[in-house]
Structures are given as structure tokens and as C-alpha cells.
Amino acid sequence: MNPEALSALGNLYGDRLRTSLEARICYSFDATGKQFLPDAVVYPVTAEEVRQTVLLANLHRFPVVPRGAGTGFSGGSLPVRGGVVLSTERMDRIVSIDTENLYAVVEPGVVTGTLKEEARKKGLFYPPDPASLKFSTLGGNIAECAGGMCAVKYGVTRDYVLGLEAVLGTGELVRTGVATAKGVVGYDLTRMLVGSEGTLGIVTRATLRLIPLPEAAATLLALFHGNRRSAEAVNAIVAARVTPSAMELMDRTAIDCVQALMPVALPEGTGSALLLEVDGPEGQVEREADLLTEVCRAHGAIEVRRASDARGRDDLWKLRRSISPGLRRLAPVKLNEDIVVPRSRLADMFDFLADLSDRRKLRIVTFGHAGDGNIHVNIMISGADADETRRAEEAVGEVFRKTVEMGGTISGEHGVGISKAPFLEMEVGPLGVAVMKRLKGCFDPNGILNPGKIFLDEAAVRG
Amino acid sequence: MRDADLKALTGLCAKCGTCRTVCTLYPERKAEIAVARGKIALIEAAMSGEDGDAEAVQEALTDCLLCGRCERACPNQVLVEEIVMKGRADLAEEIGIPAWKRVLFGKVMTSAAATEIARKAAAAGQRLLPGKIPTASGLHYRFPDGFGGGGRTVPKLPAIGFLESLGKGEAAAGEVMLFVGCVFDHVFPEVGRAAYETVKASGKSVAVFRDAACCGLPAMVSGDRRSATSSAEANVSRLRAADPGAIVFPCGSCLLMFKRNVFSLIPKGTPMYDDAVFVADRAVDYASFLLSSSVLDRLPDPPPGKRVGEIGYHDPCHLSGTLGKGPEAREVLSRAVGPAFAEMAGADLCCGYGGTFNVRDYPTSARIGENKVTVAARGGTKMISTACSGCVLQMRDMAARTDPSLRVVHIAELVHQALFRK
């Protein structure tokens, strides 16, 4: 970056501009394990500072990469072409929670779990629950359209974003959407921005829908011989006309890698587990929990356990949430894909993955949100064996082709970022890519915002 | 930094960000460099030969309370405390001790007599320490030259320390060894006394470890591996020679040193390793010792209905967190003061002391500490009890800053009161 640009940023931010190597290293990574050094880090506290930053970026032509907590799995917050990392972590106020109209107004740096907790205190519920909810930010969740465990019943981040305030790539501050339940005036710019991975605008404020907090919940752990059996149980549950608030699948390896942290006694032959949760009014929860137990047993569950209290529920959830980072124990590098297939094709997908693992001689760990067909496929490799890495990369291609062939999508909730950019066209087609690029040009004509993401950028993919 | 051990430790970090949720310092700094994964990224970069500013890395590693919350929350059980301490030590060897710490360093703290001289000199000088400590000691890290500014309440040092108050030949040998620690000997000798009397009430013969060196933790967290090792070796060899059945620690941080940290100074394969294991196996926190003895059975019934719920317990990070000894102190308190004890609001919030952290960045340390005691007081607590010397020092200072009626004591003082109540 040129010294003029840096000095202008210095005038804007004072000591909230950091350019030391040490400060930059701390913003060079996210949860992908890849690293790209930015030229500078800024910590804005107002939308105006964000706007000024983007105006300067247009003037001096440097990239601006918005970053929440840097917990993404697709590289969305990595400064692949250098420039400025704009950290929203100091814009972390919950501006208001409206208990009459049921919405919250938040700044982007609010941690998702914090909003959930504050809403809960008022008897309200912000459902989206990515596994990282205790540390990822709402701004990041909106940019990536984060999903989570309860999507099967409650939907994903986009279903709760009513309106946004965002700085576009031009440096203009735009307000989109509504603060009401309905609203159809003009194009849906809100949805356009949600999931745009910081390439169209930087969210500076969001109006988020809240719903009444469910009265009760019950959590069960059902153990099966294998993933196919688990998948069949999932479909049987849906057929029984129950919609659990979570249906999480974990294969045996996934469970084993968190055993060190929290031991779970497993009966012999356990090859897969379903973590199930139902919520709602007390009596209904009881009935549905009993029904889930019955259905699982009828579909080959070796054992069904029910958490007896809040502590037990927390433990089961902690088990689930610890899997993803815990995989690090198995191998240094994971290729982490979050494909979605129609629920009825889950069992076939699991068979395909088992076969793929054998054929390619790769260790593949699967877990994830079976209830909505969203499966985290983790190919674990050493990173030091070139042949293994090549086999793994080819396997990823195979998984994606199979997914699209089954009528699914190659990313349910992590986003494209740099990890899936090479496969964008495989799913949306050349016209889809072309239209997306045209839209990008409308929002960010100079390519300031988060360059190198979504669309293929060879330099970025290599890392 | 070319430390192979360090590489193995940092390699487990997946940069997931869980550490951001629990870090005591993060809410103050709101920057990645404050949290474990940021520090680990810096160490990794330094190890891979990134041409950075070693002093800046050192500064970043120093900016940590070592409260261990990240380590306990980490899904991969990355040993953050060890990484940070190793990093500090490696850098200290490469580029020296940070300038602000340099004044505190130099001499090895292997002599109880040296600490004694220091305390006396300070007490006689009527002001705390400045220029008065001729030889380094554990206290030297806590009260360096120039200490006492910035609105700090500094404890008035008593004329006579606990060890000095013992009669000649008193508590010279016994099956139970009491490791009092610098602070409970010199700064708050009444705690040393209370611990001694109550441990003695177990009916076992009690020896007080008179020729104790500083436990070594202050040196270790400062990156002074040589001094820390030298303290650890001196203590371990003397304790091994004394051959006690149990070694009781009223201070959680001293205990951590002998239970866990000692093994990175005296690792497996070194000549003194077996002795260190001997000591670690016998080292026990004050509350656990009481529970394993008959002391508590001798307590009279606590007066009913008096000061109900007014006494709380503060969880020292090292004792309750790292060593998992939280329930024991609560059990002791329930038996000693009955319904006066109640779970305190924010019991497990860090007090913000962080040993040398408090010296280095008093304003931040004080903000964290003031919040700690304010949360407790708002919850109805009128007296905070705990079991670590650093926490007592810090919370007494914080109480003085926020609510002078709030009292801070060691649990031994409450047990002593109950046991010898007239």
C-alpha cells in the first residue's frame, strides 16, 4: 500500500490503525488454516469510519477485507490480495431489542451468542446457531449466511435479517429492507447482501427478527451401527411428522476425536450417532421426545439416551460443537466441505463417501446437520504427502459432482470464499457466474471489497 | 525461536476462535493479539523465521494474565499457559528480559533469609520497597522498585513475618509440611499463622518449610527460566530430604508450581525428575488437606442465622481452574461458617492480578479487578474469601478502590476463627 493511503488511514483511525508485522499476523488467518498478510488492520467504531475507509480505498485503490471474528471455513475474511483488514470487533453494541415488534438492532461485531442471550432474557429467541455461535459475529454470520443446527426447523441467518445498513464498494451508505414482518418494495437488496461474503457491502448495522422463546426442549442421543442407519432414521422422523429443532449426525471417528475432551460411553458396534432436539410447549416436547425415541428404536438404534437436565443437554451440545476444531487431533490439514443433498438422498451420499474413502485411500470424517441434508465432509490429510493431497483434491471434486448430480448444493453454510471458488461454475453454470459478476460491478465497480473471493482467483486458491 | 517442544504445542491450534469467548483480557483489548490464537500465530511466525520484531512478540506474550481460561475451553486442549511461558522464556534468552522487568531481575531467589532481609528493610523504611530490597525474592516481582503509584493501595508490611514469629525449634520437623509462600509469610503473616494453627489442629505433627525458596512462579511467568529452575531445584531437593507425608499449600499459585509447572523446569529424564514427582504427589491445597483430616470434625456448629449468605468464595484461576480444586474450599467454608457462606456472584471471574501483569499494566489489571469485586458486592457478598496470595493482594486493593467495607480474607482465617472461637 502506498504511504499516502496509510497516512490517510492514520488520520482517520489514530491508534486504531495497526501496521506492525505482529498486528498484521494476528489478522492473517481464519479457521481454514490458510494465512495471507494484510498491509494494515483498522478497527472502526462507526459506520462513518467504514464509509471513509472505503472512500479512501477507491481513491488509493487498496482492497478492504471486512472481518468479524475470523472463524470462517471458506476463507471469507482472508486478505488474499493484501490491503486493509477492517475488523468489526469494536462495533459490538446491541442497539435495541424491540419486544413489541420483535426485532433487534445490532452492530456487526456483536457476537451471535451474546444476542441470543440478551434476547433470551426478554423471553425472545434469535434462532440461527452456527457451531461457532459463542465467538462468531453477526456481521460475519450475515456475510456468510451462516446456518447451524436448528436450520431444519427454524431456517438460517437470511430468514432473520429484516433490514441492513451497509457501506457499498463505492463508499455509499445504503439502507435496505424493513423493520416489519412484511415488505415488498423494490428489489430485495437485503437478501442480495446476505451471503455476499463481504464482496458487495460491509454491514454496519442490522435489524434482525426475533421470535418467542420456546418454552421447553428435550435432547436425545441415538446411537446407530452406521451412517446409513442414522440417515434412514432421520427420514423416518420426518415421515412421522415431527420437526426436531436439531438432527445432528456424527460418525464414529467424529465422536472419537472429542472423547479426550468429554468421554462418552459407547455400546459395542456404535458407528454413528444422531443428536436430536425437540422444542416447544412442555407437553408437546414430552410427546415428541417419546415419539423420536420410538422411531429411532424401530429403525435400528442400538441405544437412545435422553439428557435428564440442562447440564446434560449442554454436555451433549458441547460434544457436537467440539467436533470441528477437534478434528485437528486426527491430522494437521482438513479439507472441510459442507455439501447439502436432498434429505432422501442422505443414505446414498453416505454410501458414496464410504466407497470414495476406500477407493482413494483417504480418511474421511462426516458429521453435520442431517436434518436438512447438510453434511460436513472432512478429508483429513497430513499436508506433507503430495500424492495424498492430490488424491484428496480429486476426491473433493468427486464429492461436489455427486452432490450437484443428486440435486444438492456444494455449500450449505460456509460460503464459497476461496475454498470453493473453483467449483462455482459447476453448480450455477456460466450464465449464473456472469450475472453474479454483473451484480458485483453494480455494488463495487472498482473491485475494492474482499477481492479474490467467490470468483476464481488462482493466486488466492493456492494460499 | 527454534523450540521443537513449542512447535508441537502450537501445532494443535486450529485457530477456531473459541479462546475469544473466555479470555479475561479480550474485552479490554478487543484485538486478536490479546487472545491465545493470536499469540500462537505470532509464535508460529517467529518459529518459521518470519523477520519480525522480537520485542513486539515479547510484548504480546507478556500481555496475558495466564488465567488459563482459553486452555480449559479449547476443544483441542492446546496448552496455552505452557506455550506463553515457554515463549516468554525463549525470547528472554534470545533478546533478554523486557526492559520494564529488567529492574526486577538478576539474583536467584533461593534463600528465605534474603526475602527476610528484604521485608525488614522495607518495613523499617516505612515505605514499600523502593530501592530497599537488596536481593531478589518472590516479593520482588510483586513489588518492584517504583511500585505503589497510580492510586494503588499497598499493604503495610508488618514488622514481624510469620516464620520469624515461630519459636526456635518450633515446627522444625513433622509428618506434614506447610509451604507458606512469600506473601503469607511476609505481607499477610496472619494468614500464615492461621494456616499453621489450623493444620496443626489435625493432630498431626506439622513442620513449617523454613528454608523455602520462592516457589519460582513469579520468575517463571516472567520468562526467567534460570531463576525459576534454580528455585524449583532448591525447593524440590529440600522438600525431598525432609520426606514429609504431605505438603500443604495455602496459596494456589505456589501449589500450581509444584503440581504442574515444575515439570517444564525439571522434565522427565533430568536427574531431579523423580524428586519432583515425589513432591508433586504430596503437594496438596489447604482445603483438600483439611477435608482429608479430622480438623473440620472439631469445629463447633456455626452460629445459625448470622450473616447469612454474606461470605463468598473467589475461585483463584490456578487453583479452581487449572488444578480443579474449587469444590473443596467451598466444602470447608460451609463447615466453618455454615449458612454465612453462599455462592458468590461472578465467583470464577479472574481478579485481574496476573502476577507481574499487575505491575506492568495496573490500569487494566484494576479495571478487571474492580469489576470482579463490584459484581460480588452487588450480589450481596460482604466478605470475599479465597485461597491464593495474588488474589488476596489484588482484591484487597480493589476493595479499597471501590468499597472499603468489603473484606477480603483467606479461608484459613475463617477456619481459624471458627476453630478457636471463644
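Trainee: How far apart do the C-alpha centres of domain 1 of chain A and domain 2 of chain A lie?
Mentor: The C-alpha centres of these two domains lie 22 Å apart. This is a predicted model, in which local features need pLDDT of at least 70 and side-chain atom pairs count only at pLDDT 80 or more, while totals for chains, interfaces and linings use all residues. Residues are numbered from 1 along each chain as its sequence is written, and chains are lettered from A and ligands numbered from 1 in the order in which they are written.

Trainee: And which domains does the assignment give for chain A?
Mentor: Domain 1 (3-89), domain 2 (94-212), domain 3 (216-326) and domain 4 (329-405); such bounds come from an automatic or database domain assignment.

Trainee: How many residues does each side give to the contact between domain 1 and domain 2 of chain A?
Mentor: Domain 1 gives 16 residues and domain 2 gives 21 (contact: C-beta atoms, placed from the backbone, within 7 Å). On the domain 1 side, α3 (47-60) and β3 (64-67) of chain A each give two or more residues, and α3(A) gives the most, with six. Helices (H or I, at least four residues) and strands (E, at least two) are DSSP runs numbered from the N terminus.

Trainee: Now the two chains. How many residues does each of chain A and chain B give to their contact?
Mentor: Chain A gives 27 residues and chain B gives 24. In chain A, α2 (21-25) and α11 (310-326) give two or more residues to this side; the largest share, four residues, comes from α2(A).

Trainee: What about chain B itself: how many helices and strands?
Mentor: Chain B has 24 helices and seven strands. Of its 422 residues, 57% are buried (20 or more other C-beta atoms within 10 Å of the residue's own; exposed means 12 or fewer, partly exposed in between; C-beta atoms are placed from the backbone).

Trainee: Back to chain A: what span should helix α13 have?
Mentor: At 1.5 Å a residue, the 20 residues of α13(A), 386-405, should span 28 Å, and the end C-alpha atoms are 29 Å apart, which agrees. The expected span is 1.5 Å times one less than the number of residues.

Trainee: Which residues of α13(A) are buried?
Mentor: Glu388(A), Ala392(A), Ala395(A), Val396(A), Val399(A), Phe400(A) and Thr403(A).

Conventions:
Two residues are in contact if their C-beta atoms, placed from the backbone, lie within 7 Å.
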